[in-house]
Amino acid sequence: EFEKNITAIAREFTSLIENANVPIFGIDRNGYINEWNRITAEITGYSKNEVLERKWIDFLDPRVHEEVRGVIQKVYTGVSTSNFELPLVSKSGKNLVILMSISPRLDGNKNIKGAICVGQDISEVILYRQGLEKLVEERTWELNESLKKEKELVEMKNKFVSIASHEFRTPISTISFAAESIRNYFHQLTAEEIQRKLIKIEDQASHMTNLLEDILTIGKSEAGKIKVKRISLDLKEFIDSLIEEVRSTVKVKRKIKFTFSCASSKVNVDDKLLRNVVNNLLTNALKFSAADTNVTIAVSDFEGSILI
């Protein structure tokens with residue numbers, strides 16, 4: 001009668017495992033699968049006949065074998081484990097994550113004969129979590145990049161303002177000195193000398209205007225207010241005229257070599273912004289190079305764009 005009761009209980013337990021709405025499987029002390037319910041079969045794609053008497057470690061991601069062995073060894077000493085994320089690989093090769101509670105399985109003498117694993121498929125939750133983590137990581141990176149650029153912009157602006165302030169002193173001093181000379185020695189100066197001093201005043205005033213344009217451009221850039229207004233223009237003629245403007249502001253005449261090798265000279269650009277860019281580049285090239293060297297500006301087609 002006792003054996004009949006045990007058999008009935010075993011059948012009832014097996015039926016309970018088989019018909020449960022969560023994945024349940026069991027293993028013996030050697031790691032061989034001896035229970036594999038319907039939900040586990042549906043999730044993994046492996047039928048019970050395909051997995052019985054096979055080691056369950058074969059169905060896990062190889063990267064977690066050691067970790068899982070450690071968990072099972074604790075279970076075999078009588079210590080249950082809950083909320084363990086068990087990575088399984090389905091028959092189709094899909095990576096699954098089952099949130100498992102693993103408990104010791106006892107025989108009639110209360111000896112541990114294996115383990116019973118009851119779980120919940122959280123693969124979609126893990127994917128969502130990973131996606132969320134990736135999104136947070138991307139947003140964090142974007143924020144850090146934005147803060148980095150903001151810091152660089154502030155540093156650049158401070159440096160530029162410092163340089164510009166220094167640069168303003170020279171033209172102001174030159175204008176003041178020339179105006180003072182004309183006022184104090186007007187009757188002693190020849191018409192040609194007065195003309196030269198007036199030209200110097202005009203040149204320095206032009207230089208100050210360019211400095212102010214640079215400051216305004218950086219201020220607009222920081223505030224995000226620069227609007228590109230494209231117009232159609234002849235790029236070759238445009239740069240030719242800029243070269244002449246720059247030449248007229250240089251005290252010592254320098255040679256500027258200009259080569260233009262585009263298929264067409266017609267372009268759609270913002271002439272004011274392009275003027276600032278090319279003017280600054282040419283001015284700096286002249287300012288920071290030896291007086292006996294040539295400055296070269298070359299314009300050519302480059303992969304669908306124009307290279308200056």
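**Reading the sheets**

Q: How many bridges join strand β1 to β2?

A: Strands of a sheet pair through backbone hydrogen bonds, either parallel or antiparallel. Here β1 (residues 24–28) and β2 run antiparallel, joined by 3 bridges. Pairing requires that DSSP finds at least two bridges between two strands. Strands (E, at least two residues) and helices (H or I, at least four) are DSSP runs, numbered from the N terminus. Phe25 has Trp36 in β2 as its bridge partner.

Q: What should I know about the source?

A: The model is predicted: local features need pLDDT of at least 70, side-chain atom pairs count only at pLDDT 80 or more, and totals for chains, interfaces and linings use all residues. Residues are numbered from 1 along each chain as its sequence is written, and side-chain values use heavy atoms, leaving out hydrogens and water.

Q: In what order do the strands of the 5-strand sheet come?

A: The order is β2-β1-β5-β4-β3, an open sheet with antiparallel pairing. β2 (33–36) and β3 (81–89) each have a single partner strand, so one side of each lacks a neighbour in the sheet. The twist averages 30 degrees from one strand to the next. Angles run from 0 to 180 degrees between N-to-C directions, with axes fitted to C-alpha atoms, for helices over the stretch in contact. Contact means heavy atoms within 4.5 Å.

Q: Which strands does helix α4 lie across?

A: Helix α4 (residues 65–76) lies across β1, β3, β4 (95–106) and β5 (112–121), at about 140 degrees to β3.

Q: What is the pairing in the sheet of 3 strands?

A: Mixed, in an open sheet ordered β7-β9-β10. β7 and β9 (residues 295–302) pair in the parallel sense over 5 bridges.
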